[in-house]
Amino acid sequence: MSLVFEKLTKRYGELVAIDGVSATFEPGLIHGVIGPNGAGKSTLINMTAGSYSVSDGEICLDGRRISGLKKHQISLAGVARTYQNIRLFDQMTALENLEVCLYPVDAGRAWQEVLWPPYARRRRAERRALCRAGLDRFELAGYADQEASSLSYGRQRMLEIARALVREPRVLLLDEPAAGLNHAETAELTTRLAALRHPDRIMLVVEHDMDLVMKLCDRIVVLHHGKLLFQGTPAEVQANPDVQQAYLGTANDLDDIRTAAQDRRARRGLRPRRDPVGHRS
Ligand SMILES: Nc1ncnc2c1ncn2[C@@H]1O[C@H](COP(=O)(O)OP(=O)(O)OP(=O)(O)O)[C@@H](O)[C@H]1O
């Protein structure tokens, strides 16, 4: 049982953003997806979540083809995601951001709640309890009734992950979860993500922060110009000469990557990283 990409291809007109990528992602593991800017990482996430169509090849979850399904059908199949640029319902409270994900999606159950108020009240209370527990997992319970937009940037990131988890997805796709976080927040995020490792859950993390990737991930897929360059454990990836040449630059030297990530943040208007005592680096 796994998530499988079979000769996956995405074309934007003439541009081949993902070029015949085949890979298998096992449950119980955290899979990193890395590669230089424009390598196709977000495109991979967007196709898996159904935000972008697949040009060729297929994506299967537990043996069932999910590419070609609509976005909401893929979500119901158990795929949840977060975004590079946080997307919350800003005017809703933290709790409501989770609750909206649990409202009945089939007409039958929705009508049951409309026609039978005691049942609706009980279901609402159950949903609320589940969402409070979801917030609690990220130490956000104290912010349950605050508007999402009023939370700090770091808490908004955590809230988005808490929301993605509220339906207990089989597949959790995280697109640059550490973007814009300072060192302390990234360290906290790394611990929290590690705690999400579960035998039934497949996690894919697209990330430029190599420290986070190397610490957190069990397996790493390296993309280069839309092609699968290499896959292996963090140690294998760091030792691979092709990866070093294409991406890491020099063996075990992650400073260039950090600098590139900083430049990228600045270009995108994201917060630059700060060290734990608050000095900008
Ligand atoms: N909607 C789109 N329409 C046209 N081209 C696109 C679209 N989305 C991405 N691309 C192009 O596809 C290629 C891969 O982009 P993608 O965003 O997937 O790369 P990435 O590895 O996630 O990059 P980054 O690390 O900078 O986010 C790039 O050349 C990009 O310009």
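Helices (H or I, at least four residues) and strands (E, at least two) are DSSP runs, numbered from the N terminus. The structure is a predicted model, in which local features need pLDDT of at least 70, side-chain atom pairs count only at pLDDT 80 or more, and totals for chains, interfaces and linings use all residues. Residues are numbered from 1 along each chain as its sequence is written.

The confidence of the prediction is given by pLDDT, the predictor's confidence in each residue, from 0 to 100. The chain has a mean pLDDT of 87, and 85% of its residues reach 70 or more. The scores of the model are ipTM 0.95 and pTM 0.85. Over residues 273–281 the pLDDT stays under 50, and the model has 14 contacts beyond four places in sequence for this stretch. Two residues are in contact if their C-beta atoms, placed from the backbone, lie within 7 Å. Where pLDDT is low, the predicted coordinates should not be read in detail.

Asp 62 has a positive phi of about 50°, although Asp 62 is not a glycine. A residue is buried if 20 or more other C-beta atoms lie within 10 Å of its own, exposed if 12 or fewer, and partly exposed in between, with C-beta atoms placed from the backbone. Asp 62 counts as partly exposed because it has 15 C-beta neighbours inside 10 Å.

A positive phi of about 50° is also found at His 225, which is not a glycine. His 225 sits in the loop between strand E9 (219–224) and strand E10 (227–232). With 15 C-beta neighbours inside 10 Å, His 225 is partly exposed. E9 and E10 form a hairpin with two residues between them. Their pairing is antiparallel, over five bridges; two strands pair if DSSP finds at least two bridges between them. Within this pairing, Leu 223 stands opposite Leu 228 in E10.

Gly 226 also belongs to the loop between E9 and E10. Gly 226 has 23 other C-beta atoms within 10 Å and is therefore buried. Not counting residues up to four places away in sequence, the contacts of Gly 226 are Val 16, Ala 17, Ile 18, Asp 19, Ala 39 and Gly 40. Gly 226 and Ala 39 are 187 residues apart in sequence, yet their C-alpha atoms are 5.1 Å apart in space.

The ligand is surrounded by a shell of residues, among them Tyr 12, Ala 17, Ala 39, Gly 40 and Lys 41. H1 provides the largest share, three residues.

The largest nonpolar core has 64 residues, of which Ala 162 and Val 205 touch the most other members. Such a core is a set of buried Ala, Val, Leu, Ile, Met, Phe, Trp, Tyr and Cys residues joined through C-beta atoms within 7 Å. Beyond four places in sequence, the contacts of Ala 162 include Leu 98, Leu 135 and Phe 138.

Key: A residue is near a molecule or strand if its C-beta atom, placed from the backbone, lies within 6 Å of it.
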